[in-house]
Amino acid sequence: MSKLPWFPFYASDFLTSTGAMSNEEVGAYIKLLCYQWDKGVLPSDLSRLARMAGYADANAFASLWNILRDKFSQTKDGYINPKMEEHREIQKRISEKNSTKAKKRWGNDAVA
């Protein structure tokens with residue numbers, strides 16, 4: 001989904017928001033954030049979420065998801081981390097602005 005291959009990572013914000021998490025929880029959380037950035041939304045299905053987070057057993061993941069769920073909001077399409085979506089919108093605007101500048105500078109016929 002994403003034409004944006006990277007997302008901004010603010011170390012201080014991340015450490016603050018994950019300070020009470022175990023390493024296992026942090027690992028699952030960052031994997032889910034990466035999937036969300038790449039795919040746009042996380043599935044609502046617990047077994048699919050478990051596999052994305054690196055768990056073969058959805059039951060083993062369920063207690064972990066009870067902790068991580070607070071970091072995500074459910075939409076009609078699945079789960080999103082609202083802060084991640086804010087960053088996506090900012091990155092889209094920057095990308096579009098830079099694209100417009102480049103087209104203006106080089107013309108629409110320019111080949112990258």
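Reader: Which side chains meet in a salt bridge at 3.5 Å, N to O, together with that of lysine 83?

Author: In this predicted model, the side chain of glutamate 86 meets that of lysine 83, with 3.5 Å from N to O.

Reader: Why is the contact of lysine 83 and glutamate 86 called a salt bridge?

Author: The N to O distance is 3.5 Å, and the cut-off is within 4 Å, so the pair qualifies as a salt bridge. Both residues belong to helix α5 (residues 82-106), where they lie three residues apart, about one turn of the helix.

Reader: What makes lysine 83 partly exposed?

Author: Its relative accessibility is 46%. Buried requires under 20% and exposed over 50%, so a value in between is called partly exposed. Glutamate 86, at 43%, is therefore partly exposed as well.

Reader: How do you know that lysine 92 and glutamate 89 form a salt bridge?

Author: The closest N and O atoms of lysine 92 and glutamate 89 are 3.7 Å apart; the limit is 4 Å, so the term applies. These two residues are about one helical turn apart, because they stand three residues apart in helix α5.

Reader: Why are lysine 92 and glutamate 89 called partly exposed?

Author: Lysine 92 has a relative accessible area of 32%, and glutamate 89 has 37%. Each value falls between 20% and 50%, so both residues are partly exposed.

Reader: How many salt bridges does a search of the whole structure find?

Author: The search finds five. One of them joins aspartate 77 to lysine 76, with 3.5 Å between the closest N and O atoms; both of these residues are exposed.

Technical notes:
Residues numbered from 1 in each chain as written. Predicted model: local features only at pLDDT ≥ 70, side-chain atom pairs only at ≥ 80, totals over all residues. Heavy atoms only, no water. Buried < 20%, exposed > 50% of the residue type's maximum accessible area, 1.4 Å probe, protein only. Helix = DSSP H or I, 4+ residues; strand = E, 2+ residues; numbered from the N terminus.
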